[in-house]
Amino acid sequence: MNKAAILLIEGKHAEHPSFLTPLRKKGFAVEGVSKGGEALRRLKEEGRIDVVIVNAATLRTSGRRICQSLRAAYPNLPLILILDSEHSAKVDDADVILTLPFTVQKLVNRIRHLLPGPGKHSLQVGDVHLDLEKQIVACGERRSRLTPRLARLLAVLMEHPGQVVDRKSLFAQVWETNYTDDTRTLDVHISWLRRAIEEDSRRPRYIKTIRGAGYLFEANVADS
């Protein structure tokens, strides 16, 4: 099994602990950068990053701007923010906020919670894995965190691999309504799902549009 890939944004202020070496010792593949701009460039170059950690305590900042930039560019990428007591504040763009001091194991537990994993609340079709409890989808080296609605929509499609699911059924199961005139809502959500799992969302391999009928989740992509 491949190691989870962590991108760590961390400075070098000695008064605060570095998590680079401890996380590597815990079995993660960790790459460190020292600035938010470097992180964005690295994310653009790297095909797979599972979790980004912003160690704002070592940057002597609240981390707010870095988190905002990361979230704007990669809205589905799990993000952990580490603060010291002086900068303790609510940052809406982070999935997890930890305030020093805390143990490495506590950080590891938070990382693992953001990673997709097997369980009774999971679906696997081909090389697409959906963790419904954590609302994370993994496809090859891609990892994305979904909204509850997107996770439910993907689940419905994955529960019927190779079958066309009509729009009326999708609205009934995902939005719990029989009102189907708002086709734009469904189409937008499908486009968001494609961005999360497709290598090229304009040429989808997994979620196919069946004109005049609905959508189909392709079951045999992994074998093609």
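Where is E176 found? E176 lies in the loop between α6 (167-175) and α7 (183-197); helices (H or I, at least four residues) and strands (E, at least two) are DSSP runs, numbered from the N terminus. All views below show a predicted model, in which local features need pLDDT of at least 70 and side-chain atom pairs count only at pLDDT 80 or more, while totals for chains, interfaces and linings use all residues. Residues are numbered from 1 along each chain as its sequence is written, and side-chain values use heavy atoms, with hydrogens and water left out.

**Figure 1**
E176 has a phi near 55 degrees, a positive value in a residue other than glycine. E176 is exposed, with a relative accessible area of 72%. The terms are set by relative accessible area: buried is under 20%, exposed is over 50%, and partly exposed is in between (1.4 Å probe, protein chains only). Q135 also is a residue other than glycine with a positive phi, here near 60 degrees. Q135 sits in the loop between β7 (128-131) and β8. With a relative accessible area of 24%, Q135 is partly exposed.

**Figure 2**
Strand β8 (residues 136-139) pairs with strand β9 (residues 142-145) in the antiparallel sense, over four bridges. Two strands pair if DSSP finds at least two bridges between them. V137 has S144 in β9 as its bridge partner. Two residues stand between the strands of this hairpin, and G140 takes a positive phi near 60 degrees there.

**Figure 3. The aromatic pair of F19 and F102.**
A pair of aromatic rings is described by the distance of the centres and the angle of the planes. The whole structure contains three aromatic pairs. F19 and F102 form a stacked pair, at 5.4 Å centre to centre and with 0 degrees between the planes. F19 is in the loop between β1 (5-10) and α1 (20-25), and F102 is in the loop between β5 (96-99) and α4 (104-114), so the pair ties together parts that are 83 residues apart in sequence. Rings of Phe, Tyr and Trp (its six-membered ring) pair if their centres lie within 6.5 Å; planes under 30 degrees apart count as stacked, over 60 as edge-to-face and the rest as tilted. Both F19 and F102 are buried. The loop between β5 and α4 also holds P101. The peptide bond from L100 to P101 is cis, with omega near 5 degrees.

**Figure 4. The surroundings of N55.**
N55 is part of strand β3 (residues 51-55). N55 counts as buried, at 0% relative accessibility. Not counting residues up to four places away in sequence, N55 touches L8, I9, E10, P17, F19 and I82. Contact means heavy atoms within 4.5 Å.

**Figure 5. H113 and its contacts.**
H113 belongs to helix α4. Leaving aside neighbours within four places in sequence, H113 is in contact with K134 and I136. H113 and L130 are 17 residues apart along the chain, and their C-alpha atoms are separated by 14 Å.

**Figure 6. Helices α5 and α6.**
Helix α5 (residues 148-158) is mostly covered, with eight of its 11 residues buried. Those buried residues are L150, A151, L153, L154, A155, V156, L157 and M158. α5 and α6 pack at an angle of about 135 degrees, and their axes are 9 Å apart. That angle makes α5 oblique to α6. Axes are lines fitted to C-alpha atoms, for helices over the stretch in contact, and angles run from 0 to 180 degrees between N-to-C directions. Angles under 35 degrees count as roughly parallel, over 145 as roughly antiparallel, 65 to 115 as roughly perpendicular and the rest as oblique. R149, R152, L153, V156 and L157 in α5 meet L170, Q173, V174 and W175 in α6.

**Figure 7. The sheet of β10, β12 and β11.**
Three strands, in the order β10-β12-β11, form an open sheet with antiparallel pairing. β10 (164-166) and β11 (207-210) stand at the edges with a single partner strand each, so one side of each is left without a neighbour in the sheet. On average, neighbouring strands of this sheet are turned by 30 degrees against each other, direction ignored. β11 and strand β12 (residues 214-217) run antiparallel and are joined by four bridges. I210 has G214 in β12 as its bridge partner. α5 lies across β10, β11 and β12, running at about 75 degrees to β12. α6 lies across β10 and β12, at about 70 degrees to β10.
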